[in-house]
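The following paragraphs lead the reader through selected features of a structure. Please keep the sequence and the three-dimensional view at hand while reading.

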There are 2 protein chains.
Amino acid sequence: MNSIGRFRLEHTDGQARCGCLQTLHGEVPTPVFMPVGTQGSVKSLCPMDLDNMGAGMILGNTYHLYLRPGDELLAQMGGLHRFMNWKGPILTDSGGFQVFSLSDLRKITPEGVEFKSHLDGSRHFFTPEKVIRIQKNIGSDIMMVLDECVPYGADLEYTRNSMHRTVQWAWKSRDFYSGETGKQLMFAIVQGGFFMDLRRESAARTCEIPMDGYAIGGVSVGETKQEMLDTVYFTAPLLPRDRPRYLMGVGKPLDILEGINAGLDMFDCVLPTRNARNGTLFTSSGKVNIKQARYRNDETALDPGCDCYTCMNFSRAYLRHLYMAGELLSFRLNTIHNLRFFINLARKARSAIQEKRFAQLISRYRNVEKEQEG
Amino acid sequence: MNSIGRFRLEHTDGQARCGCLQTLHGEVPTPVFMPVGTQGSVKSLCPMDLDNMGAGMILGNTYHLYLRPGDELLAQMGGLHRFMNWKGPILTDSGGFQVFSLSDLRKITPEGVEFKSHLDGSRHFFTPEKVIRIQKNIGSDIMMVLDECVPYGADLEYTRNSMHRTVQWAWKSRDFYSGETGKQLMFAIVQGGFFMDLRRESAARTCEIPMDGYAIGGVSVGETKQEMLDTVYFTAPLLPRDRPRYLMGVGKPLDILEGINAGLDMFDCVLPTRNARNGTLFTSSGKVNIKQARYRNDETALDPGCDCYTCMNFSRAYLRHLYMAGELLSFRLNTIHNLRFFINLARKARSAIQEKRFAQLISRYRNVEKEQEG
């Protein structure tokens, strides 16, 4: 049990790295993509589906789980793992991103943030300590500390104050939980918007706090791709080498590879699951919009090179039919494929790093993106 | 291949019987409950789910498949089995029930029925021959002949004329397909509303037509339970003993057992799948409405005696949470359970008949129903 939280760096290839993180629910080989299971299920999938696609770690949303079914109920039920019958590791976010994006009428004080539920308008107050208590009830393998995710376009002064508050909150979180390290892991989040000086200061001050891992937050808030990349490439090397590094909420396949190229290890995004439900599917030759008429009688697999349940068993014509007919199975088959694509992407990156050919891998994806844009 | 269509009667217990029907896609032990896969999928389930729950034969709706994706596309794709990747037997209904219940502005002539699509209002004309041609394109193991399903409350004269037309249509269907027997099977449908004289005449005239099986149609159209039972118990013994007997669109668990008790072999109904999506679940101790607050922290399985994936892996509390949160997984887990309940019901009936204890089985279910009503 003493090895819980240990991050073993295995190989590097330029800045890119692969490793292995030990959690209470097993080892997580990195780089890893984590499917998002907002409120106790990865939308449309059961644990068997996740096992079959090789999902290593999944993500739960603290904000959603706190509101419904409630973290106290989850504690009573033996935690989220037992509730949803998922035996692998779970990371929970801090709820910060949702409080600042989904809920109404928030008020931020040094102590925490007040918000109204997007479900019923009820008032709630999140403090750093409360958010950790909620995540203890959830029983996640990795807890994230409460942070403020500043909106895109926030000015220097606001962003600096916010970043300082986030550092304070990380200390409070650490103090609140310090006695029980070695069970649930805790990660802190570097903020600072798109001001590189603030990112540098945030990284320095955040990484002084003893944590099991460090994350880059506050990207994918509406910035340009270049701003995102600049921030990621600037910030990643400022994080400790011997701890897992997590890029929150990013992103498109190439963005994830860029993150890996910058030296990051963990990724999550709703893109594969949300796009699946809209009929937008990721393949090795680019995106497919399955509702297009040209797939009407297309007997080939969605992605002939893919080994997911969907591609092994069904044609594009069938997937198009399910989508057009509004069949529930459409959501599941599409989700299985898109997630397998993202999970495989992280695995391919891992192999490429092991074999010192990551530069080739990323350049292939950069070319695919150029072709799709051109 | 010559044995395709053979129905082997194995055991009887009173009027109840068990047997085995040979189809192009395998043997179907009877009594059997067939999950309804309206438009190319049993809603929310994939073929793996159906295999895991022991589904023997499933049903497809000719009306829906004709409109979308279209039977010609299905033929081009190698038939419905290949399209949806289902390796077991499929029965398709004739589309009659949907034409008379779903579509608009129908006009009935001796030649067939004109209707407007419920999807886009386009006009279509179904003849007995066309409906068989569609089912040949679909490639189902059992084709049903076009029939008119008279509305509840239709008078004697209308019902008699309609019944005569249905008999004519069955002859036309037989003539249209007679040369190819031994591949796809064809069943005709006894009609006659709730007039026993008409049911007797319909059975006599329909069973003169050489068919692979015979069905009772025109029940579950809004009649009382007693009218349904009277009709079923009156009509079943009029059907040939050496052919499979199919009760269309029925029904509740006890109704199915009553059908078996009357000597019927095959059943289909949307009840388990539709109710699953509404959160109404069938258990050995009666119906459960999973949204009720009392299940909020109920750690027990939905039906502790059930061996379905849902009951083996999740609690009532989790199923309630998924339902309340509108999670897509709710539809699937509930559907898996309800269908397993119905499939198991038919299997239990089969065992009971083999062991000459069917009377005990049905009396237990009659008591459960009385308790729920009382």
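A residue is called buried when its relative accessible area is under 20%, exposed when that area is over 50%, and partly exposed in between. By this criterion, both Y309(B) and F314(B) are buried. The model under discussion is a predicted one, and the values below were computed from it.

In chain B, the ring centres of Y309(B) and F314(B) are 5.7 Å apart and the ring planes stand at 75°, so the pair is classed as edge-to-face. The cut-off behind this reasoning is that planes over 60 degrees apart count as edge-to-face. For Y309(A) and F314(A), the centres are likewise separated by 5.7 Å with the planes at 75°, and the arrangement is therefore edge-to-face. Y309(A) and F314(A) are both buried. Elsewhere in chain A, an aromatic cluster is formed by F33(A), F282(A), F341(A) and F342(A).

The structure holds one cavity of 30 Å³ or more, and the volume of the largest cavity is about 60 Å³. Chain A contributes S44(A), L328(A), F331(A) and R332(A) to the lining of this largest cavity, while chain B contributes S44(B), L328(B), L329(B) and R332(B). Helix α14 (328-354) of chain A and helix α14 (328-354) of chain B each supply at least two of the lining residues.

Is R68(B) buried, exposed or partly exposed? With a relative accessible area of 23%, R68(B) is partly exposed, because the buried class requires a value under 20%. When neighbours within four places in sequence are left aside, R68(B) is in contact with H321(A), M324(A) and A325(A) from chain A, and with Q39(B) and L119(B) from chain B. The side chains of R68(B) and Q39(B) are joined by a polar contact of 3.3 Å. As for L119(B), 51 residues separate it from R68(B) in sequence, and the C-alpha to C-alpha distance between the two is 9.2 Å.

Most residues other than glycine have a negative phi, and most peptide bonds are trans. The peptide bond from R68(B) to P69(B), however, is cis, with omega near 10°; P69(B) lies in the loop between α2 and α3 of chain B. A cis peptide bond also runs from V250(B) to G251(B), with omega near 5°. G251(B) is located in the loop between β13 (245-247) and α10 (253-261) of chain B.

Positive phi values are found at two residues considered here. N85(B), a residue other than glycine, has phi near 60° and lies in the loop between α4 (80-84) and β6 (90-92) of chain B. Its relative accessible area is 15%, so N85(B) is buried. S220(B), also a residue other than glycine, has phi near 55° and occupies the loop between β12 (213-216) and α9 (225-235) of chain B. At 35% relative accessibility, S220(B) counts as partly exposed.

Key. Residues are numbered from 1 along each chain as its sequence is written. Chains are lettered from A and ligands numbered from 1 in the order in which they are written. This is a predicted model: local features need pLDDT of at least 70, side-chain atom pairs count only at pLDDT 80 or more; totals for chains, interfaces and linings use all residues. Side-chain values use heavy atoms; hydrogens and water are left out. On a 1 Å grid over the protein atoms alone, a cavity is a set of points where a 1.4 Å probe fits but cannot get out, and a pocket is an open set with protein on both sides within 12 Å along at least five of seven lines; lining residues have an atom within 4 Å of a point. Grid points are joined across faces, edges and corners, and a volume is the space filled by probe spheres set on the points. Helices (H or I, at least four residues) and strands (E, at least two) are DSSP runs, numbered from the N terminus. Rings of Phe, Tyr and Trp (its six-membered ring) pair if their centres lie within 6.5 Å; planes under 30 degrees apart count as stacked, over 60 as edge-to-face and the rest as tilted. Buried means under 20% relative accessible area, exposed over 50%, partly exposed in between (1.4 Å probe, protein chains only). Contact means heavy atoms within 4.5 Å. A polar contact is a pair of N or O atoms within 3.5 Å; within protein, one must be able to donate a hydrogen and the other to accept it, and residues adjacent in sequence count only if both atoms are side-chain atoms.
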